[in-house]
Amino acid sequence: MNYYVSVHGSDCNPGTEQEPFATLAKARDGVRSINGLMTKDIVVYIRGGIYYLDSEFVLDERDSGSNGFNVQYRNYPGETPILYGGQRITNWEHIKFSVYKAKVDRNWSFQSLIEHDEWGIRHASSALTGPGQWHLDTQEGELFYWPRSADISNAVIAAPTMTDMFRLVGSSPSAPVKNIQVIGLQLQLTDTIQQFDYVDSIDFVNGNAEREETKHGLIYMENAESIKVVNCKLLNAGVCGIWLNKHAQHNEIYGNWIEGSGLNGVYLTGWSFDRGPFLSAEDAYVNKFNIVSNNFIFDSGKFELTRGSGIQLHQSGDNEISHNRILRAPRYGISMKGDRYGVLENHGSIYGISVTRDNRYDFLYTRNNRILFNDISNVMTNSEDGAGIESWGVGTGNVYDHNCVHDFVNLNHWRNWFGGIYLDDCSDYMTVTNNIVYGIHGGHAFGIMEKGIENRVINNIIANNGLTWAIWMQEFAEVSYGLKLGCNILYNNNTTAIYGFEHLPEGFAGNPVYTSVYDGELPERIAGFDHNLIYEPIGSTDVLMGDKSTVYLSYENWKAAYGHDAHTVLGKDPLFVDAENGDFRLRPDSPALALGFTPIDQSLIGLKSDFPWEPIQTTPVSALIEANGIRNLPRLHQAAKEVTL
């Protein structure tokens, strides 16, 4: 049996196609009466039209599919239902100039407003100064607005009534909501929050854990299993488009357009260490085995302007993040977070277990994630210390494979460091392979930055960038050693140094002092560099050594001193098919092939052919530079000098 919902329906109807319900809640209640012993999928068809919701649509374990079948909430074939998590405001009265006023309920307080799917700008008073600005006087119940549209009577201006629209929350991990599919809907507008601070963000205890009051989404899941969100448009989420919190397993986010989120497009967050009702570290590993694939995620971080990202994971593992196209975000395209050993050690014991360097990975659940075939561009628009793909304090076994990171400049400050792929503190035992980084320009820009233990950076292309370092290696908060770098192509990056080695001998935040890895006190910083191809017709091929940015070795002297890159080829063009236009296929006579480089099939990267819409195009880095009046990219190390060992 199926049910039908229509803007022209009534909840007094039986919910048939001829006599549909008016609300999702009524259809849900109907499903509860028939989903106990399912023999096929139950489908709730939602007819086209605009629905303004007064309250959240809540699904729990009573609403789950059974016997291996699913309950679907989906669009009626050929129609697009548009659901707003708020109400349209229409009773506008002209005040003066271009400012209008509308009466609203004094009990209706909201942090955001949209006009034609574009966020408004909240103003501190009713003295508005430009289009898109608004002010809410809750005492008087008055909303002031300067519309962007010339005719406010036809403008769709709406304010949110909720911070989550679809809430799929089971009553416990042992009673999860499951086997529900949300297909072909357009969900838009939920409210934002007043602040986005991390828990304990000052002393970095649980420093990357979000406050519970931050955790909201157009679709929010907790105690959820085998939920699918497919081919939906998710627009103007005040916090996140989709948030999978705590116990969330075997869920799939596929083929969606997610745009204009306040924080992240998609966020997966497990329990932070020493939180929750657990007796062991393994029991607390509950956010895992999810798939986020084939989504277009655009213009995230509308309200959190310094760390908004396309996709972010915190204490979440064994996930597949693949074939997404992420365009425009203030900080990361994809970010993975956990915590570092110094913080865990300072915490003492977790779940009654003393934390040691040997067992630290037991508490780090951002592990075994596969970040594959993603296309990331135009990120790092308003922050520093970030990258297209980034990790910090994660567990082991994470893989970055066949991703393309390209076309962005750091406009926040030219001396900030940022780049393509960033293995930040305690990014250990990671594999970075078959990735392409191009079109990145800025002051302290890097192609790949690595801080961690036993990482493998193999068979990547870093090309046509404006970088300080092609590969930058640093010790900062934790010890780093054992890097293998092989069969990479470093091409035309206008570098100050192809490799950069830096460490901070004074330690960091109370951690032990880590001295130079070359003095024998720690394992070798480099486990092996070889079979790379380096072609730098404009920039320098020097190698930065030590703690001072003016201490350099020539590449040949570096090779002689440390014995690496014995088979690496310097100065030969790799012979790309059309690097200037982003085509990094190799010609048959490329010297990289003789070194063992495996060609990267760019056609596999990005959205799949079944993505249902035509996505917005990337702004080329040349246009970003021109639009921001940047004529000459600065060189930060003009006074470089070579030292003799």
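**Entry 1**

I began with glutamate 212, which is partly exposed at a relative accessible area of 42%. For my own reference, buried means under 20% relative accessible area, exposed over 50%, and partly exposed in between, with a 1.4 Å probe and protein chains only. Glutamate 212 forms a salt bridge with lysine 215, and their closest N and O atoms are 2.8 Å apart. Here a salt bridge is a side-chain nitrogen of Lys or Arg within 4 Å of a carboxyl oxygen of Asp or Glu. Lysine 215 is buried, with a relative accessible area of 8%.

A note on sources before I go on: this is a predicted model, where local features need pLDDT of at least 70 and side-chain atom pairs count only at pLDDT 80 or more, while totals for chains, interfaces and linings use all residues. Residues are numbered from 1 along each chain as its sequence is written, and side-chain values use heavy atoms, with hydrogens and water left out.

**Entry 1: further salt bridges**

How many salt bridges does a search of the whole structure find? I got 29. One of the pairs I opened joins the side chains of aspartate 299 and lysine 302, at 3.1 Å from N to O. Aspartate 299 is buried at a relative accessible area of 13%, and lysine 302 is partly exposed at 33%.

I then turned to arginine 331 and aspartate 385, whose side chains meet in a salt bridge at 3.9 Å, N to O. Arginine 331 lies in the loop between strand 30 (325-327) and strand 31 (334-337), and aspartate 385 in the loop between strand 35 (375-377) and strand 36 (386-392), so the pair ties together parts that are 54 residues apart in sequence. Strands (E, at least two residues) and helices (H or I, at least four) are DSSP runs, numbered from the N terminus. Arginine 331 counts as buried at 17% relative accessibility, whereas aspartate 385 is partly exposed at 23%.

I also noted a network of salt bridges that links Arg28, Asp29, Arg32, Asp60, Arg62 and Asp63.

**Entry 2: the whole chain**

I counted 5 helices and 56 strands in the chain. The radius of gyration is 26 Å, close to the 26 Å that the globule rule gives for 645 residues, so the chain is as compact as a globular protein of that length. That radius is taken over C-alpha atoms, and the globule rule is 2.2 Å times the number of residues to the power 0.38. Along its principal axes the C-alpha trace spans about 85 × 60 × 50 Å. Of the 645 residues, 61% count as buried.

Among contacts (heavy atoms within 4.5 Å) with a separation of 6 or more, 77% come from residues 24 or more positions apart.

**Entry 3: the core**

Which residues have the most contacts inside the largest nonpolar core? They are Phe166, Met221, Tyr499 and Trp558, in a core of 90 residues. Strand 19 (residues 217-230) gives the largest share of this core, 6 residues. Such a core is a set of buried Ala, Val, Leu, Ile, Met, Phe, Trp, Tyr and Cys residues joined through side-chain atoms within 4.5 Å.

**Entry 4: strand 6 and its partners**

Strand 6 (residues 81-84) is covered on both faces, with Pro81 and Leu83 buried on one side and Ile82 and Tyr84 buried on the other. Strand 3 (residues 49-52) runs parallel to strand 6, joined by 4 bridges; two strands pair if DSSP finds at least two bridges between them. Tyrosine 51 has leucine 83 in strand 6 as its bridge partner. Strand 18 (residues 186-188) is also parallel to strand 6, through 3 bridges, and there tyrosine 84 is partnered by glutamine 188.

I traced an open, antiparallel sheet of 4 strands in the order 7-15-10-11. Strand 7 (86-88) and strand 11 (118-119) are at the edges with a single partner strand each, so one side of each is left without a neighbour in the sheet.

Another open sheet has 5 strands, ordered 8-9-14-13-12, with mixed pairing. Strand 13 (residues 133-137) and strand 14 (residues 142-145) share 4 antiparallel bridges, and leucine 136 stands opposite leucine 143.
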